[in-house]
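Morning, everyone. Please have a look at the model on the screen, and then I'll go through a few of its parts.

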Amino acid sequence: MKKKIISTFLAGVMALSLIGCGSSSGKEESTAEAGGNKVTVKMVAWQSGAAEIFKEGAEEFNKRQDKINFEVEMQTGDYAQYLGSKVASDDLPDMFFLNPYSQVQQFADNGRILDLSDQDFNSKIYESVKDAYTVDGKAYAYPLCVQMLGVFYNLDLFKQAGITEIPKTYDEMKAVCEKLKANNITPFAAEYKETWTLNHLFSMLQGTAVGDQKEWTDEMNAGKGSFKNDNSVQAFRFMDLVKENSGSNYMDADSTSGFNAFASGKAAMILSGEWSLLNANSVNPDLNVGVFGTPSSDNPEDAKLDVDVGICVAVNKNSKHLDETLEVLKYLSDNTDKKGWMHYTADSVGGTLPAMEYEAQIDKQYFKDYQSYMNSGNTKQWVYLRLASGSGDLIGPEIQGYFTGNSDMETTLKNMDTKYKDLLE
């Protein structure tokens, strides 16, 4: 797997090295002009809907002092190719986004990023997510945020159906669905037209089915494992329950229509992440929402919330402004600053979740549920993030084939095994 990752990365380097050199020069000139006499520290991020809040968070830092101009540059193109071109021209920005696990390891192995083990944030990060940015016992990135996968539910609709406790087993989940339907409430908001939503669903179920997630992913990446195990029947049983309780024409609904259906109260639950709530305030600012771990097995202790690092921030080891860059990193990781970076990124419904304790200024049950799961350690990692790059592109379509009825469990798992071995070669 490692060989394939490096080959792909180098291909991007060769393809875009000249383009990267040319565009970089122009951006640096405009940065110096904007920063005046201040030292400019640039953090490059992949494009997302967070551009405006990142900008506001940077402006808050800049107005507090007169020595550093902190800029966030959003990359709109292929982010992997952008990084490849910057490596080729030895022109990486001061700070930049990386995916957890394999991409952090790749840059650490190549000596491109700074060992951050001596930074204060390390003592505050939740223990359960430290593997995502640690290489050979050293911290090579800052986990800017974590993301969770679970069952988001409408507390008001649960109350309307007489449901007083969240389900922790498959039988309890089945009973919840029956109570909701008896009250003319659709249990699940459908979002299965897009394969990435089903990749996330399978990741939740497989994380429970395999038990020791690290051992399983290590075996898979060594070419010795299989998607099939003794608990696969339970995972597919849960998917059958979801199909039967997502309303009619459930394969026609994409993620946006699913998010809107849940936010507007047309369905009581959605299997997703906190990002599904980003537009909730515009659709229904009064949405009363909580979250619980997916109850796919018969053991209540398996109903854990899936939480993993979504974005890592690395520091260019060869930055010309290392002291200033580390000063910015300290601002990003300050969980006591009520008007700082985390205020802009986390204090809104659907906002990013800090990888450390933070007293969010939002009064939503789902955030309280998240902190309860984290503080109790009742979480598990996203198994697909530990698999080879590109695994989601094969898992999602195969699970979609199962949802449409074009494939059964045995065929789905066999196809996934075959395609994953091809991916490793």
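Which helices do the buried residues of α16 pack against? They pack against α7 (195-210), α9 (232-244), α15 (383-386) and α17 (409-424). Keep in mind that this is a predicted model.

Stay with α16 for a moment. The helix runs over residues 391-404, so 14 residues by the numbering, and spans 20 Å from first C-alpha to last. That is close to the 20 Å expected at 1.5 Å a residue. Of those 14 residues, 11 are buried, and α16 is mostly covered. Look at the buried set: Ser391, Gly392, Leu394, Ile395, Gly396, Glu398, Ile399, Gln400, Gly401, Tyr402 and Phe403. After the helix comes Gly405, with a positive phi near 90°.

Now Phe403 again. This residue is buried in α16, and it is listed with the most contacts inside the largest nonpolar core. That core has 139 residues. Phe96, Phe97, Phe227, Met269 and Leu332 are on that list too. Which strand gives the most to this core? Strand β6, residues 142-154, with 9 residues. As a general point, nonpolar side chains in soluble globular proteins tend to be buried together.

Last stop, the β1 and β2 pair. Strand β1 covers residues 39-46, and its pairing with β2 is parallel, over 8 bridges. Between the two strands, the chain passes through helix α2, residues 51-64. This β-α-β crossover is right-handed. Is β2, residues 68-75, mostly covered or mostly open? Mostly covered: 7 of its 8 residues are buried.

Technical notes
Residues numbered from 1 in each chain as written. Predicted model: local features only at pLDDT ≥ 70, side-chain atom pairs only at ≥ 80, totals over all residues. Heavy atoms only, no water. Buried < 20%, exposed > 50% of the residue type's maximum accessible area, 1.4 Å probe, protein only. Helix = DSSP H or I, 4+ residues; strand = E, 2+ residues; numbered from the N terminus. Pairing = 2+ DSSP bridges. Right-handed = clockwise from strand over helix to strand, strands pointing away. Contact = heavy atoms within 4.5 Å. Core = buried A, V, L, I, M, F, W, Y, C linked by side-chain atoms within 4.5 Å.
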